[in-house]
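Subject: Structure handover

Hi,

Here is the structure I said I would pass on. Have a look at it first, and then read on for what turned up.

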Amino acid sequence: MSLVEVLAPGPLTLLEDAGRPGHMAVGVGRAGAADQDSYRLGGRLLGNRPGLAALEVTLGGLHVRAQGDLTVCLTGAPAPGSLDGRPVPHAAPFTFRDGQELRLGMPPTGLRTYLSVRGGLAVHAVLGSRSSDTMSGLGPAAVAAGDRLTVGEAVESFPNVDVAPVPPPGSGTVELAVLPGPRRDWFARPEALGESCWVVSGRSDRKGIRFEGEPVERHTDWAEAELPSEGMVRGAIQVPPGGQPVLFLNDHPVTGGYPVIGVVRSADIDRAAQLRPGQQVRFRWENR
Amino acid sequence: MAGPIPAAASPAPTAPTAPTASASGSAVHPRVLPMGDTALLVQVSDIGEVLALEARLATLVRRGEGVWASVDDLVPAARTVLLVSRPGADLGALGTAVRDVARTLDADMRTLDEDKRTLDADMRTVEIHVRYDGPDLDEVARLVGLTPRQVVAAHTGTSWQVGFGGFAPGFAYLVGGDPRLEVPRRAEPRTRVPAGAVGLAGQFSGIYPRESPGGWQLLGTTDAPLWDPDRDPPALLTPGTTVQFVDVAARS
């Protein structure tokens, strides 16, 4: 049986997969890899069937050892990887032999690197998913030193792809397309969200990205209004009374009581999931 | 994380007693609000309409025909039902379909009866045994002008119904209980509410599935296993379930 043995997890390494849809009505969110595009690319490059669990490594620092010969792949934030001291490629499969050690450094841009293994990581599934949900506590615990993660059986044929030419996450100002949200009319000037530059706060996590900038003010008609809690989605931008927006990511609360001014276009949410604290964002309003 | 928030800012003076109560009396005219390119937020006027609409939508989603095949999640709340679909779904068609369903809820009593039958078939009654020794029992009694004993009698005197979840796995907002038990949340939320605590807030009653912070007025505690991810379904209190609170002290 092949294993990935964790020697050091870095700041935060979680098991994630395609997510856990279908249980929101009982308070369970979808979780799953924050940057789904990068996660899926890793699985595709290895010929995995969709939905197998991979490691989501936040800001590098992961140090693992192979037990048995493995084929692995790094996608997402380009954390420099080294195999027994020699550099490994990004977004390209490579062999990780029995006893070798793989270390990930700090990515120069982006936040989350995916280490995918051919065959997937076969941890215990909860409600059909192997994702860690940091909101509800469901799914596997955060990866810790000493963990031995079993590798699943590879059943698919190997794909004929050597390297995927994907651009790394940007380091400068990132633009995100926003569609009108259900409570856009609660704000004095919703367009204000798109007029200033927002800075990603250090208090951001998988539940949501908090932004700092010129507060978005409520419309006077709604200044004192309270919203009965309502269902939320990944990508929703909630604006609490302080006027500093929060962009919900995969572990967002299932319901929320602050008005949603807009929702980031689904194609852009994966890029949002790679934003680093201190990075700047511009929102561009779109109308479908 | 804040505690469960009573979902209605100014709760209705009387809570609905049956899921179709308000829908059978007046028309259901939902507002279909945008929620990005994979979801719609459907707003109706009260929890009764939410439950009627949600029951009908859940049946359609379960069958999974036509536009309903794209819907992964239905999230009922105090005044809204969120429909979450997969990328690429035709939200325009979905919105039209939701409006059509809402119309038939009102206009076609046969459909309504059918829904009610579906609901009855799905509906389970769960007895929750409670030790009414909560730290807020006296305060609740003072707030509503009853004795603590009368509060317990009111809480156990009529059944409640699961309205919606969403705060935490296994947590359910229970509706349709004795309308005299409407109380505000505590001014100061507790930093630690034990698992199994049974509380009141606004028009709702609820049980904390696990230890968490919270601002509900606590009447007592139960040992009922509200949440077990290895059970199917993992939540004891699923939408539509009828809940009957039972006073352990009165039974023994």
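Predicted model: local features only at pLDDT ≥ 70, side-chain atom pairs only at ≥ 80, totals over all residues.

Which residues are linked in a network of salt bridges? They are A:Glu16, A:Glu56, A:Arg112, A:Arg206 and A:Asp251.

**Where the chains meet**

Let's start with the contact between the two chains. Chain A puts 35 residues into it, and chain B puts in 40. Together they bury about 2,900 Å², and 61% of that area is on carbon and sulfur atoms.

Three salt bridges cross the interface of chain B and chain A. One of the pairs in a salt bridge is B:Asp73 with A:Arg30, whose side chains come to 3.0 Å, N to O. As for polar contacts between chain B and chain A, the count is eight residue pairs.

Which parts of chain B are on that side? The elements giving two or more residues to the side that touches chain A are β1 (31-34), β2 (39-43), β3 (71-76) and β4 (80-85) of chain B. The one that gives the most is β3(B), with five residues. Sorted by class, the side of chain B that touches chain A has 26 nonpolar residues, eight polar ones and six charged ones.

**Salt bridges within a chain**

Over all chains, the structure holds 27 salt bridges. Here are a few for you to look up.

- B:Asp72 and B:Arg86 form a salt bridge, with their closest N and O atoms 2.8 Å apart. This pair links distant parts of the chain: B:Asp72 is in strand β3 of chain B, while B:Arg86 sits 14 residues away in the loop between β4 and α3 (91-107) of chain B. B:Asp72 is partly exposed, at 23% relative accessible area, and B:Arg86 is partly exposed at 40%.
- B:Arg192 and B:Glu211 form another, where the closest N and O atoms are 2.9 Å apart. Here as well the pair links distant parts of the chain, 19 residues apart: B:Arg192 belongs to strand β8 (residues 190-193) of chain B, and B:Glu211 to the loop between β10 (204-207) and β11 (212-214) of chain B. With 55% relative accessibility, B:Arg192 counts as exposed, whereas B:Glu211, at 45%, is partly exposed.
- A:Arg189 is partly exposed, with a relative accessible area of 39%, and A:Glu195 counts as partly exposed at 46%.

**A covered strand and a buried threonine**

Back in chain B, strand β12 (residues 217-222) is mostly covered, with six of its six residues buried. Strand β9 (residues 197-201) of chain B runs antiparallel to β12(B), and four bridges join them; B:Gly199 has B:Leu218 as its bridge partner there. Strand β5 (residues 125-131) of chain B also pairs with β12(B) in the antiparallel sense, over two bridges. For B:Val130, the bridge partner in β12(B) is B:Thr222.

You will find B:Thr59 in helix α2 (residues 47-63) of chain B, with a polar atom of its side chain 3.0 Å from the backbone oxygen of B:Ala55.

Cheers

Conventions:
Residues numbered from 1 in each chain as written. Chains lettered and ligands numbered in written order. Heavy atoms only, no water. Contact = heavy atoms within 4.5 Å. Buried area = accessible area lost by both parts, 1.4 Å probe. Salt bridge = Lys/Arg side-chain N within 4 Å of Asp/Glu carboxyl O. Polar contact = N/O pair within 3.5 Å; in protein donor to acceptor, adjacent residues only side chain to side chain. Nonpolar A, V, L, I, M, F, W, Y, C, P; charged D, E, K, R; others polar. Buried < 20%, exposed > 50% of the residue type's maximum accessible area, 1.4 Å probe, protein only. Pairing = 2+ DSSP bridges.
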